[in-house]
Amino acid sequence: MPSSPSSPSSPAQFFSGGRFRIADDVEPVLEAATGARLGDGACVTESDIDDAVAAARSALPDWRASPPEHRAGILTAMADVLQSRAQSTSELVTRENGMPISLSRGANGAFPPLLFRYYAQLITEIPVEEIRPSFTGHTIVRREAVGVVAAVIPWNYPQALAAMKIAPALAAGCPVVLKSSPETALDALVFAEAAVDAGLPPGVLNVVSGGAGVGACLVAHPGVDKVAFTGSTETGRVVAEVCGRLMRPVTLELGGKSAAIILDDADLDATMRGLRTASFVNNGQTCHLSSRILAPRSRYDEIVDAVAALAESMTVGDPLHPLTEIGPMVSSRQRERVLGYIGIGRDSGARLVAGGSVPREQPRGWFVSPTVFADVDNSDRLAREEIFGPVLTITRYETDDEAIALANDSEFGLAGTVWSTDTDRATDVARAVHSGTVGINDYQLDVRAPFGGVKASGLGRELGPEGLAAYRTLKSIYRTGPA
Ligand code: NAD
């Protein structure tokens with residue numbers, strides 16, 4: 001039996017106009033835990049992008065005009081396929097990017113079908129048109145599909161981030177051209193396989209891969225009506241400039257440097273259990289990571305000891321092992337970046353209290369030990385720049401107001417956490433934090449609530465009804481007389 005296009009043993013492919021095509025140019029996908037070649041990803045050409053966008057454009061009129069119930073049915077069928085393949089998809093992503101399998105099962109296995117089902121239901125509940133009385137008669141307010149969507153994603157949560165764009169876009173009636181990262185080019189094809197199995201009309205979903213040049217070409221393509229981008233703030237600014245010039249709507253989910261505010265009444269055991277994920281999830285390669293720990297002076301030493309012990313206790317190793325908490329960085333380049341920041345920390349006068357090197361037991365792959373620096377000043381580069389690895393900083397504060405000011409003294413504003421035994425007090429602190437999301441004594445995304453950032457963390461929101469609204473444009477039809 002021939003292997004599926006997403007299988008590492010298949011030749012590099014992309015999906016355009018309802019067909020899988022063999023790519024002329026390929027880029028190897030390396031296994032993060034070993035550095036060995038896993039398979040080949042497609043690196044598409046400009047003319048492949050033209051074809052994919054043209055296919056999406058020809059699919060647009062029928063897909064946009066199709067009844068919401070029809071689109072919901074196909075989304076549900078895609079959810080069924082994704083769910084039936086959840087285990088193999090989770091394992092594939094773990095091999096590509098080093099995400100611990102226990103996390104991958106949720107983020108890459110369970111989450112995408114959940115999201116497809118959520119938007120399938122939502123699209124049948126929100127009316128396309130509503131009538132509002134006006135001063136001269138009444139107005140029909142219509143929600144129309146915005147058009148062809150270019151979706152560009154990074155490698156860190158490839159299935160979840162793709163689903164956060166594909167599901168609401170398809171539900172809204174928008175065809176999509178998805179561009180995955182070269183590091184995770186294989187798993188993106190699972191969506192194409194699900195589209196075929198679920199009977200999605202050709203051209204409604206197209207999946208290409210390649211590097212920065214491919215992304216730039218797609219984002220600026222004249223056949224694209226909207227861009228949905230997730231990635232670094234640096235690239236996000238470039239994408240925003242291009243979209244600004246083209247007057248093209250764009251959603252930007254960018255970087256973060258979020259604070260974990262530990263209040264003086266926090267239960268430290270419970271807080272440390274929560275920080276295991278809030279501050280180290282996905283080997284630190286997570287945009288909403290609570291990587292800046294703010295600790296009250298009254299409990300500072302106790303907290304430094306607890307966070308250092310937490311880092312030392314994390315299970316580092318094979319990401320396919322169910323008990324592994326910290327796997328490798330996605331690539332040697334990413335590990336160099338993280339080690340570079342550890343070097344900056346060592347030179348800055350901050351106090352290294354855990355980790356700080358490559359674990360000796362992991363000679364292969366791109367591992368970094370969970371690392372903690374205490375006595376970090378909020379103006380230090382370590383506290384200001386996104387490291388995107390398992391590196392935490394601890395900064396001292398005196399009062400709740402100072403903790404809030406430190407949390408807000410950042411270029412970014414994506415997330416944050418507050419840790420306290422008094423939920424109301426913690427919620428008041430959360431209200432004062434200038435960011436798109438905040439978790440109290442935990443951090444879990446909610447499919448039904450908007451997710452996104454302020455300041456350099458991005459523009460617009462994904463998830464919830466707001467995530468659907470991003471793919472619909474509004475039209476007002478003014479009519480005289482009564483409705
Ligand atoms: P990146 O910005 O280097 O790349 C992201 C994607 O953009 C890739 O597919 C890449 O090929 C493409 N790209 C690069 N240059 C481009 C250009 N000029 N035009 C169009 N596309 C281009 O980011 P990365 O290193 O892959 O991912 C890590 C970053 O993503 C981190 O900063 C992280 O915080 C951020 N991120 C944000 C969220 C969020 O929801 N806010 C979620 C996950 C990751």
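I take helices and strands as DSSP runs, helices of H or I with at least four residues and strands of E with at least two. The model I examined is predicted.

**Entry: annotated domain**

I looked up the UniProt record, an unreviewed entry, which places the feature "domain: Aldehyde dehydrogenase" at residues 28-477. I then checked the make-up of this span and found 43% helix and 20% strand. The end C-alpha atoms of residues 28-477 lie 52 Å apart.

I next traced an open sheet of 3 strands, whose order is 5-6-22 and whose pairing is antiparallel. At the edges I noted strand 5 (129-133) and strand 22 (472-480), each of which pairs on one side only. On average, neighbouring strands of this sheet are turned by 25° against each other, direction ignored. I followed strand 6 (residues 137-145) to its antiparallel partner, strand 22, and recorded 9 bridges between the two. Within this pairing I located R142, which stands opposite K475 in strand 22.

**Entry: ligand surroundings**

Which residues come nearest to the ligand? I listed 29 residues around the ligand, and of these I153, S232, T235, L254 and E386 come nearest. For W155, a polar side-chain atom lies 3.1 Å from an oxygen atom of the ligand. At G231 I found a polar backbone atom 3.3 Å from an oxygen atom of the ligand. Finally, I noted that the ligand taken alone exposes 850 Å², of which the protein buries 88%.

Methods:
Residues are numbered from 1 along each chain as its sequence is written. This is a predicted model: local features need pLDDT of at least 70, side-chain atom pairs count only at pLDDT 80 or more; totals for chains, interfaces and linings use all residues. Side-chain values use heavy atoms; hydrogens and water are left out. Two strands pair if DSSP finds at least two bridges between them. Axes are lines fitted to C-alpha atoms, for helices over the stretch in contact, and angles run from 0 to 180 degrees between N-to-C directions. UniProt positions are given in the numbering used here, feature names are shortened, and annotations may be inferred rather than shown by experiment. A residue is near a molecule or strand if one of its heavy atoms lies within 4 Å of it. A polar contact is a pair of N or O atoms within 3.5 Å; within protein, one must be able to donate a hydrogen and the other to accept it, and residues adjacent in sequence count only if both atoms are side-chain atoms. Accessible areas come from the Shrake-Rupley method with a 1.4 Å probe; for residues, only the protein chains shown count as cover.
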